[in-house]
Amino acid sequence: MTVLWEPMQGAIDTFGMALGDDVTVVAHASSIDREVGTGGHRLVVIGPEVPARNAYELAEQLRVDRPAVGVVLLRHRLEVAVLTQALRSGVREVVQADDHAALVEAVQRNEALSARLGSPNGEAGTAGHVVTVFSAKGGVGKTTVAVNTAAHLAAGGAKTLLVDLDLMFGDVGICLQLPPTTSIMDLVAMTGHLDAQGLASVVEQHESTGLDVLVAPHDPADAERVPAELVTELIRLARTSYDYVVLDMPPSMPEHVLGAFDLSDLLVLVSTLDIPAVKNLRLATTTLDALGAPQQNRLLVLNRADLKVGLSVKDVEAALQQPVSLRLPNAMSVPAASNRGVVLTVDEPKDAFAVALRDFVDHTVRPHFGDEPTRASSHRSHRLRRNK
Ligand SMILES: Nc1ncnc2c1ncn2[C@@H]1O[C@H](COP(=O)(O)OP(=O)(O)OP(=O)(O)O)[C@@H](O)[C@H]1O
Ligand SMILES: [Mg+2]
């Protein structure tokens, strides 16, 4: 159950006895994520020949991505500076490389702690899915799609977090009529050491859906005080404790949006039947190609698809070189619902817009991750549970 990261030949002969039977030796950090992800390893031991800087980087990443996996660092000499830096980065213990008895004890302590913390992939046992809703033009329906998608996932029993990453003009809080108490601004001071408790302290729950929501800063002037690193750290952390993390985006690509794209498992691209929306989305997809975002992880949604405005669905598909996965109708019920702080997919299940969006979530989004469609029974039981 242990990964030993050590580039020197013969490492297994030196440390194997202390580490027990189930040890995998890797020479490069790039192999570690796969080992702890699929191999179920609970401990990463970093050998004495790995440069300290690389060791700290790995520890920082694992602390956020896989908090149940422990890191033990072996050094030829124990120095105060190394100890301080190592513990700050998330290393559980630093052990002198030739002290095999101390290594055995560190392995045992780690095993006990990891067992208490849960599976190597986080408490839910599997990493959550990051679904990002984006368009390169304002007002096309990103927030509407993000809110309704997240709410339907949550109402179906999936632990879901909706994060408003439109840091300047985010309106998820208003659409859901959440109290203007906390926001992502409350996490700024935790940048670099954000943990599950910190995140939980700023998340608001939307009563009728069970959806957890993290809203954007209340003051647009605060947007630039949210570092892009915090957004990345937040997404990495959130996906360890939620089944789905849904991101609502601004109609632009600042640094924090690019970072979020990088961590997204599915991109829902929204357009309407107008040339500026299509043209801007075309430019955005060129950027996504350049960033290496896989095409098979993108879905195209056409909002207000029934409007007769001279541009056809085929025109949009040809321009964006991608089939439309969902056509949403133009419906007065949409602004009416957000004016009342309710979510159509949950509160008005027979509404045409809600039916189309729920079908998309059940038969396209969830299956993208190999998840079953939401069952009507789990939807109902969730509502009953929450109404107690
Ligand atoms: N299918 C629809 N039918 C009718 N109205 C809609 C529809 N979709 C969205 N709207 C309305 O259009 C407006 C803009 O929608 P929304 O806020 O979801 O867009 P957005 O892309 O998030 O905008 P922004 O770029 O400003 O964040 C809202 O008032 C919303 O209620
Ligand atoms: Mg919006």
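## A walk through the ligand site and the fold

An oxygen atom of ligand 1 sits 3.1 Å from a polar backbone atom of V140. That is a polar contact (a pair of N or O atoms within 3.5 Å; within protein, one must be able to donate a hydrogen and the other to accept it, and residues adjacent in sequence count only if both atoms are side-chain atoms). The model is predicted: local features need pLDDT of at least 70, side-chain atom pairs count only at pLDDT 80 or more, and totals for chains, interfaces and linings use all residues. Residues are numbered from 1 along each chain as its sequence is written, chains are lettered from A and ligands numbered from 1 in the order in which they are written, and side-chain values use heavy atoms, with hydrogens and water left out.

Stay with the ligand. An oxygen atom of ligand 1 lies 2.5 Å from an N or O atom in the side chain of T144. A nitrogen atom of ligand 1 is 2.9 Å from a polar side-chain atom of R304. On its own, ligand 1 exposes 630 Å², and the protein buries 81% of that. These areas come from the Shrake-Rupley method with a 1.4 Å probe; for residues, only the protein chains shown count as cover.

How many residues surround ligand 1? There are 17, and the closest are K142, T143, T144, N303 and P329. A residue counts as near if one of its heavy atoms lies within 4 Å of the molecule or strand. By class, the shell has seven nonpolar, seven polar and three charged residues. Here Ala, Val, Leu, Ile, Met, Phe, Trp, Tyr, Cys and Pro are nonpolar, Asp, Glu, Lys and Arg are charged, and the others, Gly among them, are polar.

Which helices supply at least two residues each to the shell? They are helix 6 (142-155) and helix 13 (333-340). Helix 6 gives the largest share, three residues. Helices (H or I, at least four residues) and strands (E, at least two) are DSSP runs, numbered from the N terminus.

Next, look at L357 in helix 15. Its relative accessible area is 0%, so L357 is buried. Buried means under 20% relative accessible area, exposed over 50%, and partly exposed in between (1.4 Å probe, protein chains only). Leaving aside neighbours within four places in sequence, L357 is in contact (heavy atoms within 4.5 Å) with V145, N148, T149, L326, L328 and T345. L357 and R327 are 30 residues apart in sequence, yet their C-alpha atoms are 8.7 Å apart.

Now the aromatic pairs. The whole structure holds two. Rings of Phe, Tyr and Trp (its six-membered ring) pair if their centres lie within 6.5 Å; planes under 30 degrees apart count as stacked, over 60 as edge-to-face and the rest as tilted. F134 and F261 have ring centres 5.1 Å apart and planes at 85°, so this pair is edge-to-face. The pair links distant parts of the chain: F134 is in strand 6 (residues 129-134) and F261 in helix 10 (residues 255-263), 127 residues apart. F134 is buried at 1% relative accessibility, and F261 is buried at 4%.

Y244 and F369 are also edge-to-face, 5.9 Å centre to centre with 70° between the planes. Y244 lies in strand 10 (residues 244-248) and F369 in the loop between helix 15 (352-368) and helix 16 (376-387), so the pair ties together parts that are 125 residues apart in sequence. Y244 is buried at 1% relative accessible area, and F369 is buried at 18%.

F261 leads on to L291. L291 contacts F261 and L258, leaving aside neighbours within four places in sequence. L291 belongs to helix 11 (residues 275-291). Is L291 buried or partly exposed? At 40% relative accessible area, L291 is partly exposed.

R298 is found in strand 12 (residues 298-302). R298 is buried at 5% relative accessibility. A polar atom of the R298 side chain lies 2.6 Å from the backbone oxygen of A293. Not counting residues up to four places away in sequence, R298 touches L267, L269, T285, L288, D289, A293 and Q322.

Finish with two glycines. G128 lies in the loop between helix 5 (100-117) and strand 6. G128 is buried at 6% relative accessibility. Beyond residues up to four places away in sequence, G128 touches R239, Y242, D243 and D265. Helix 1 (residues 11-19) has A11, F15, G16, A18 and L19 as its buried residues.
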